[in-house]
Structure formats: structure tokens, C-alpha cells
Amino acid sequence: MVGKSVRQVNRQFDLYWNSDYSVPIEWITPQMEHYTDADVEAWVNNLGLEAKFSGGVYDFAKLPLYTDLINGTIDLYWGESDLLYDLPNKPDSKQSTLIDSLGAVLDEGETSLVFISPYFVPTAHGTQELVNAVKDGLEVVIITNSLASNDVFAVHGWYAKYRQELVEGGVQLWEVKSHAEIKKNWSLTGSSRSSLHTKAMVIDKTKIFVGSMNLDPRSAHLNTEMGVVVEQPQYAQKVYNDIMREIPTTAYEIAIQDGDIVWIDHSTGDILTSEPDASIWRRMGAWFSGILPIEEQL
């Protein structure tokens, strides 16, 4: 990001740094020992940290992207952007300025909404809103982790409560495979590990939101989150096309057959009737979490 959004990030950082919620580390740790520059230099040398972040895959100067930027041979997409963020006092005020602002953007959606969220707990109200969006004629696509690729099975236990209602309401629901191999520049997982990390939205194929926020109660009510909305139709359309082309091979489509949830693997044509690649213990853990009164903390 360049320009206005960078200045907005500066203001957001200053707001948090100078808030009453930002306190010296000495207030919350009993550690009284002070380390010198020589101590730090010794750690860097002993652990080989400099080599780890200046060689191999971490050497930014060796990436083709870096070369293209320096030589001016990469096509850049230019568009308007706005930073959205919660205020530091959100946990006390119980008000999310980010969600209020993002909600206004989503309300302008006319054709399609694509949500990518590693942790997805829509709640009863959110589920109804998504189904209503479909009834209003919008294409609604949700991509989240499968039980096997989710590193917090308690989240999956509560998300699973809403799957059937979402699918029956016309929402397109996809769960990322635990063994997905994603090699494209636009990676849903964000790493070599097959677990969804990206938190993004594509709105009407004209706007993109990327940030820290998951679609869950924790992000809505407890965490302070931030993200940026970019209006660039050409790039948003490209991202939408890439995602929709990729998900049939990297994720299971959730469907209803004979009244039950099934997982469709479009790569093999298989239709699975239980949580793919998840052990019985993981399934039991998710189920048990789903009966605990912990939705607001997830």
C-alpha cells in the first residue's frame, strides 16, 4: 500500500501506542534483568538469525517480485483504498468501528460476496443475514477450514451447527482440504501448510477487503482488528476468478444429500459422508466443544 492508507496506518499505530491500553512491558513481567547490545548480538550470531532472514526463501532481494519492482517490469494495479480499524477501547465499549464501517461497504453489495475466513462462526444472526443476502439475489461464497485443516477444533464445533442452514439457504460453502497443494501466486492458505490463513472478502468483483478479522464472535466483540478496503475492479475481478478456479481442487464443496451434510471432492468425484481426514478423536472434540456455552469466545 502507498499513499493515503499508509498515513492512516501511521495514525492508527500512534492511537494504540498512546492509548491507556498500551503499557510498559515492565508492568506485566517480573523479569528484571536488562540485556545489552552485546547480548543481543551474541544471540543473533549463535542462532544464525541474520542468515535465516537474509538467505534462501527469506531473501527478498532474490525474489522475482523484487527484481520486477526494481526494473519496473511488473504491472501494478492502482485504486482507492481506506483503512478500517477498531478503537483501542473496543473491549470496554463493546463497539466495533471496523464492523460498522465494513457493514456499510457490504450493504452496498449488489451481485456477489466472497468471504475467506480461517475461523468461521457465523452465529444464528449472521447465518440469517447471509441467507437473506442470497434471497436478495446475491451470490454468497464462503471459504473456511475443514475440521482436519483447522487448528482450533472448538471453532469448528460451533461453525458446524450452521452448515446445513447456510447450504439450504443457497450459500456456497467450501472447506479447505488438509492435504491441498496450492502453488499459485494467489494462495488461499498463505503458507506451505494446508491450513487456511487468508482473511479477505471480494465484494461485487470490484472491491477487496484484506485484514486481521475472522468472521466470528471473537473478532466482532473481543479482539481489536484492522483491515483495508481497496476499490480496484480489474484486480478484484482477477482475484475472484483465481479463487473460483482454485477452490474446486483445494477445497470440498459442502452439499446436502438425503437431508445430511456431504463433502464433494471435485478433483476425484468422491462424495464423503463424514468430516474428511479427521480422526475420531478430533471429531469428538469438535462435537463436545459445540455443546459448551463458549460461542461468544470463539
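Me: Why is valine 210 called partly exposed?
Reply: In this predicted model, the relative accessible area of valine 210 is 40%; since buried means under 20% and exposed means over 50%, a value of 40% falls in between, and therefore valine 210 counts as partly exposed. Valine 210 belongs to strand S6, which covers residues 207-211, and, apart from neighbours within four places in sequence, valine 210 is in contact with Lys199, Ala200, Gly227 and Val228.

Me: What makes glutamate 275 buried?
Reply: Glutamate 275 has a relative accessible area of 12%, and because the limit for buried is under 20%, glutamate 275 is classed as buried. Glutamate 275 is placed in the loop between strand S10 (270-272) and helix H12 (280-291).

Me: Why is the pairing of the side chains of glutamate 275 and histidine 156 called a polar contact?
Reply: The two side chains are 3.3 Å apart in this contact, and because a polar contact requires N or O atoms within 3.5 Å, the distance of 3.3 Å meets the cut-off. Beyond neighbours within four places in sequence, the residues in contact with glutamate 275 include Arg163, Glu175 and Arg283.

Me: How many aromatic pairs does the structure hold?
Reply: The structure holds 4 aromatic pairs, and one of them joins tyrosine 77 and tyrosine 235.

Me: Why is the pair of tyrosine 77 and tyrosine 235 called tilted?
Reply: The ring centres of tyrosine 77 and tyrosine 235 are 4.9 Å apart and the planes stand at 45°; because planes under 30 degrees apart count as stacked and those over 60 as edge-to-face, an angle of 45° leaves tilted as the label. Tyrosine 77 lies in the loop between helix H4 (64-71) and strand S1 (80-85), whereas tyrosine 235 lies in helix H11 (residues 233-250), so this pair ties together parts that are 158 residues apart in sequence.

Me: How do you know that phenylalanine 120 is buried?
Reply: Phenylalanine 120 has 2% relative accessibility, and because buried means under 20%, phenylalanine 120 counts as buried. With the limit of under 20%, tyrosine 159, at 2% relative accessibility, likewise counts as buried.

Conventions:
Residues numbered from 1 in each chain as written. Predicted model: local features only at pLDDT ≥ 70, side-chain atom pairs only at ≥ 80, totals over all residues. Heavy atoms only, no water. Helix = DSSP H or I, 4+ residues; strand = E, 2+ residues; numbered from the N terminus. Buried < 20%, exposed > 50% of the residue type's maximum accessible area, 1.4 Å probe, protein only. Polar contact = N/O pair within 3.5 Å; in protein donor to acceptor, adjacent residues only side chain to side chain. Contact = heavy atoms within 4.5 Å. Phe/Tyr/Trp six-rings, centres within 6.5 Å; stacked < 30°, edge-to-face > 60°.
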